[in-house]
Amino acid sequence: MNEIIEISTSDVVPVEKSVMLLQGIPLSERMSKNAEQIFLHARDVFKKCAHPAGIVKDIPQKAFQDVYKGQSFNAENTPVPEIALHADDLALFAVTLGRVVHDKINELFESKELALASMLDSVASAGVEKAADIVETKFLESLMTKGTVDKETVVMRYSPGYCGWHVSGQRKLFEYLKPSRIGIVLRDSFLMEPLKSVSGVLIAGKKEIHIFEDNYPFCSECETHSCQERIRALLDRA
Amino acid sequence: MDLLQDISVALQDGNCEKVEALVRQLLSAKVLPKDVLDKGLIAGMNVIGEKYKNHEIFLPEVLLAAKAMYKGMDVLRPLFLKDEIPTLCKVVIGTVQGDIHDIGKNLVAIMLRGAGFDVVDLGKDVPAEKFVEVAVQEKASVIGMSALLTTTMPAMKEVVERLKKRRLDGKIKTIIGGAPVSADYARHIGADAYGYDSVNAVEWVKKLTTQS
């Protein structure tokens, strides 16, 4: 697989709950009436401004280990290389919502539409994760079509900047994947532009290979520990 | 005066029109612009800050209130310029070089203005030298720096070191914020404070500026 994935905007519109979390509203609370209105407004703006696109490219094990090594700044002991070693298939990926939505967020801030700007930022953050979910699914479907995996196979994604994979790993990832084909460029600080973009590796394999505990030294610096949430969701899958 | 209290309440409701109308009404009643600012708008934003801290309200309500405050400020601003009413201390703020994430920095700037500080927002991707130069030029009391990447965090240290080199570190305080930084990191690089969110950042800036 080495292709650009077309993604429909309507497929990446996030649900209220995922946006609430990004706005710092606990799920046990309800959005106020005002906040609810802003959310609906932000979602409408998002539908007009987001232009999602994705790109996926298969990568052999050895090539991935080289990409992962990056510029040798990774934490000493990290889970991803081990997970990858047990994978059935690997691919690098990137998704973006395009520049317009980012520009719109800035424009709203500048015009003092502060709550709407912030809400649109959260909608876009949740939206780009949905775009990555879609790319994950497409990759799995392609493997199913090829017949290289079975029903037990799952795909999970891991990104530079998380789980001990140093963000400088973006450099080699970009060299291999070439996400400029969907308009993503990498700055010297390894920041992707447009900002609402996600990149990483898709790892296909049995559920068990993705299970690890959050007790690595770098886990103490992680605010979300979302890996465990993702693992739980994985185990809950039928 | 009840109308001042009404401003505070309207602000908390994020009611821009009402805030604007009340500010005009108070000015017509010859209430001093500084009193409208301090006892109406800033008092209201202080309540917002407290409620946010106590998780009674969340980010959207804070930002709606901030927008309403700006509406009130728009009415007051020409009078401030004429009367030269001083604000609290000046804060130079920006996202450090190499980083273009600015939502967090924008929120801090909004809350600082809401608390009555004069904010010089340098935007994003700001070189270390510019933070220092502008702070000196503007006679700022505090430099606020934001970073969202581990790779751009070291730029904060560079600002702190530049201040030290010019022996300005006691005079111009520094506060840092952003997802990858922490109170430990602030201590490590010699920054004066770490703000974990916009309200906390305002509290720290208040502390830093009353210490000096």
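These legends describe close-up views of a predicted model.

**View 1. The largest nonpolar core.**
The largest nonpolar core has 102 residues. Those with the most contacts inside this core are A:Phe46, A:Val56, A:Phe139, B:Leu41 and B:Leu112. Helix H6 of chain A, residues 114-146, gives the most to this core: 17 residues. Chain B takes part through two domains, as the core draws at least three residues from each of domain 1 (2-83) and domain 2 (90-211).

**View 2. The surroundings of A:Phe139.**
Which residues does A:Phe139 touch, not counting residues up to four places away in sequence? They are A:Met1, A:Val56, A:Asp58, A:Asp89, A:Leu90, A:Ala91, A:Val155, A:Leu202 and A:Ala204. One of them, A:Val56, is listed with A:Phe139 among the residues with the most contacts inside the largest core.

**View 3. Helix H2 of chain A.**
Helix H2 of chain A runs over residues 33-49 and has 17 residues. From its first C-alpha to its last, this helix reaches 24 Å, close to the 24 Å expected at 1.5 Å a residue. Its buried residues are A:Ala35, A:Ile38, A:Phe39, A:Ala42, A:Val45, A:Phe46 and A:Cys49. Seen down the helix axis, the buried residues fall within an arc of 130°, so they line one face of H2(A). An α-helix has 3.6 residues a turn, so residues three or four places apart point the same way. The face turned away from the buried side carries the exposed residues A:Lys33, A:Gln37 and A:Lys48.

Side chains of opposite charge can pair when their charged atoms come close. Here the side chains of A:Glu113 and B:Lys67 meet in a salt bridge, at 3.1 Å from N to O. The pair crosses between chains. A:Glu113 sits in the loop between helix H5 (99-110) and H6 of chain A, while B:Lys67 belongs to helix H4 (residues 59-83) of chain B. A:Glu113 counts as partly exposed, at 30% relative accessibility.

**View 4. Two salt bridges within chain B.**
The side chains of B:Lys90 and B:Asp118 meet in a salt bridge, 3.9 Å from N to O. This pair links distant parts of the chain, 28 residues apart: B:Lys90 in strand S1 (residues 90-95) and B:Asp118 in strand S2 (residues 118-121). B:Asp118 is partly exposed, with a relative accessible area of 30%. B:Asp121 and B:Lys105 also form a salt bridge through their side chains, 3.0 Å from N to O. B:Asp121 lies in strand S2 and B:Lys105 in helix H5 (residues 103-114) of chain B, so the pair ties together parts that are 16 residues apart in sequence. Are these two residues buried or partly exposed? B:Asp121 counts as partly exposed at 32% relative accessibility, whereas B:Lys105 counts as buried at 3%.

**View 5. A salt-bridge network.**
Salt bridges that share partners join A:Arg99, A:Asp103, A:Arg187, A:Glu193 and B:Asp125 into one network. Over all chains, the structure holds 29 salt bridges.

**View 6. The two domains of chain B.**
Chain B is divided into domain 1 (2-83) and domain 2 (90-211). Their centres, taken over C-alpha atoms, are 26 Å apart. Twelve residues of domain 1 are in contact with eleven residues of domain 2.

Conventions
Residues are numbered from 1 along each chain as its sequence is written. Chains are lettered from A and ligands numbered from 1 in the order in which they are written. This is a predicted model: local features need pLDDT of at least 70, side-chain atom pairs count only at pLDDT 80 or more; totals for chains, interfaces and linings use all residues. Side-chain values use heavy atoms; hydrogens and water are left out. A nonpolar core is a set of buried Ala, Val, Leu, Ile, Met, Phe, Trp, Tyr and Cys residues joined through side-chain atoms within 4.5 Å. Buried means under 20% relative accessible area, exposed over 50%, partly exposed in between (1.4 Å probe, protein chains only). Helices (H or I, at least four residues) and strands (E, at least two) are DSSP runs, numbered from the N terminus. Domain bounds come from an automatic or database domain assignment. Contact means heavy atoms within 4.5 Å. A salt bridge is a side-chain nitrogen of Lys or Arg within 4 Å of a carboxyl oxygen of Asp or Glu. The expected span of a helix is 1.5 Å times one less than its number of residues. The arc is that of the directions from the helix axis to the C-beta atoms.
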